[in-house]
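User: Hi! Could you walk me through this model, one question at a time?

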Amino acid sequence: MERHNSPKRAGQPLWLRLVRHNVPIILFLAAALVGMGAVYWFFNPDGGDAAAVTAVINHNTLSAPIFKDAPDKPVLQRLSQSAAPIRIGIIAGHKGFDSGAVCEDGLTEAAVNANLAERLVANLRARGIRAEILDEFDPRLTGYSATGLISIHADSCDYVNKFATGFKISGSTYTDSSKLSTCMESAYGASTGLPYHANTITADMANYHAFAEIAPGTPAIIIEVGFMNLDRKKLTVDTDPVVLGLINGVTCFLE
Ligand SMILES: [Zn+2]
């Protein structure tokens with residue numbers, strides 16, 4: 001092994017010493033560069049003379065053409081590594097099971113929930129978001145895997161007191177659903193002007209059956225969109241702000 005301060009080579013500049021020490025590597029790199037350049041020149045129809053290349057192909061060198069017209073095919077299958085497509089499940093509360101709360105005039109919570117769920121799903125689909133309505137005890141809920149799940153319910157039609165107005169949200173304790181909860185709370189509150197009613201969240205909401213049925217990893221919330229007594233008009237007549245609040249909650253969550 002040579003010493004770097006050898007007197008014999010001390011006068012040579014560093015680059016020359018490096019070249020001398022690496023002659024085989026430099027020769028190899030040069031040969032590789034020339035080879036790659038030749039291959040590129042030969043196969044590049046734009047840079048070179050495409051007609052000349054084609055002529056060579058037609059005459060002898062290659063047995064198969066290197067230019068082939070292939071029709072564009074739609075991608076039918078995703079790679080397993082790619083992210084799952086967005087899917088939002090909306091449970092129309094009590095659908096397919098019972099009527100939920102009932103008003104004296106026969107208005108049912110199930111009907112209120114179904115109307116809002118259908119409008120929400122239609123709007124999400126119009127925005128290109130895959131969304132679907134599920135029954136309260138939909139068989140698909142077992143192991144249900146989605147970007148998010150929202151169950152829509154409404155509160156009692158009985159007059160309790162003047163404070164029985166507003167909405168509330170409870171999130172799954174199985175999968176972190178805080179972003180969905182936070183987004184829905186702020187978007188729904190802003191759009192409807194309804195107050196948030198945290199102190200009336202019941203065990204039924206916190207231990208909502210679907211939370212335990214769906215696949216782990218699917219964020220889920222249940223929202224009580226309002227009281228059917230004092231908030232009836234917003235839930236049944238002037239429903240645009242309610243629907244918009246739900247939409248904005250979902251889009252905020254998907255951002
Ligand atoms: Zn309900």
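This is a predicted model: local features need pLDDT of at least 70, side-chain atom pairs count only at pLDDT 80 or more; totals for chains, interfaces and linings use all residues.

What follows is a set of questions and answers on the fold and its helix packing.

User: How many helices and strands does the protein chain have, and what pattern do they follow along the sequence?

Analyst: Helices (H or I, at least four residues) and strands (E, at least two) are DSSP runs, numbered from the N terminus. On that basis the protein chain has nine helices and five strands. Read along the sequence, the pattern is α-α-α-β-α-β-β-β-α-α-α-β-α-α.

User: What percentage of the 255 residues of the protein chain count as buried?

Analyst: Buried means under 20% relative accessible area, exposed over 50%, and partly exposed in between, with a 1.4 Å probe and protein chains only. Among the 255 residues of the protein chain, the buried share is 36%.

User: Of the contacts in the protein chain with a separation of 6 or more, how many percent join residues 24 or more positions apart?

Analyst: Contact here means heavy atoms within 4.5 Å. Counting the contacts with a separation of 6 or more, residues 24 or more positions apart account for 78%.

User: Why does the span of helix α9 agree with what it should be?

Analyst: The expected span of a helix is 1.5 Å times one less than its number of residues. Helix α9 covers residues 240-254, so its 15 residues should span 21 Å. The end C-alpha atoms of α9 agree with this, being apart by 21 Å.

User: Which residues of α9 are buried, and what covers them?

Analyst: The buried residues of α9 are Val242, Val243, Gly245, Leu246, Ile247, Gly249, Val250 and Phe253.

User: How are α5 and α9 oriented to each other?

Analyst: Axes are lines fitted to C-alpha atoms, for helices over the stretch in contact, and angles run from 0 to 180 degrees between N-to-C directions. The axes of α5 and α9 lie 7 Å apart at an angle of about 150 degrees. Angles under 35 degrees count as roughly parallel, over 145 as roughly antiparallel, 65 to 115 as roughly perpendicular and the rest as oblique. By these cut-offs, α5 and α9 are therefore roughly antiparallel.

User: How do the residues of the contact of α5 with α9 divide by class?

Analyst: Among the residues that meet are Leu180, Met184 and Tyr188 in α5, and Val242, Leu246 and Phe253 in α9. Ala, Val, Leu, Ile, Met, Phe, Trp, Tyr, Cys and Pro count as nonpolar, Asp, Glu, Lys and Arg as charged, and the others, Gly among them, as polar. The contact of α5 with α9 divides into twelve nonpolar, five polar and one charged.

User: And α4 with α9: what is the handedness of the crossing?

Analyst: α4 and α9 pack at about 50 degrees with axes 10 Å apart, and are therefore oblique to each other. A crossing is left-handed if the near helix is turned anticlockwise from the far one by less than a right angle, and right-handed if clockwise. For α4 and α9 the crossing is right-handed.

User: Where is Val225 found, and which residues does it touch?

Analyst: Val225 is found in strand β5 and is buried, with a relative accessible area of 0%. Leaving aside neighbours within four places in sequence, contacts of Val225 include Leu116, Tyr188, Leu235 and Leu246.

User: Is His94 buried or exposed?

Analyst: His94 is found in the loop between β1 and α4. Its phi is near 75 degrees, a positive value in a residue other than glycine. With a relative accessible area of 14%, His94 is buried.

Note on methods:
Residues are numbered from 1 along each chain as its sequence is written. Side-chain values use heavy atoms; hydrogens and water are left out.
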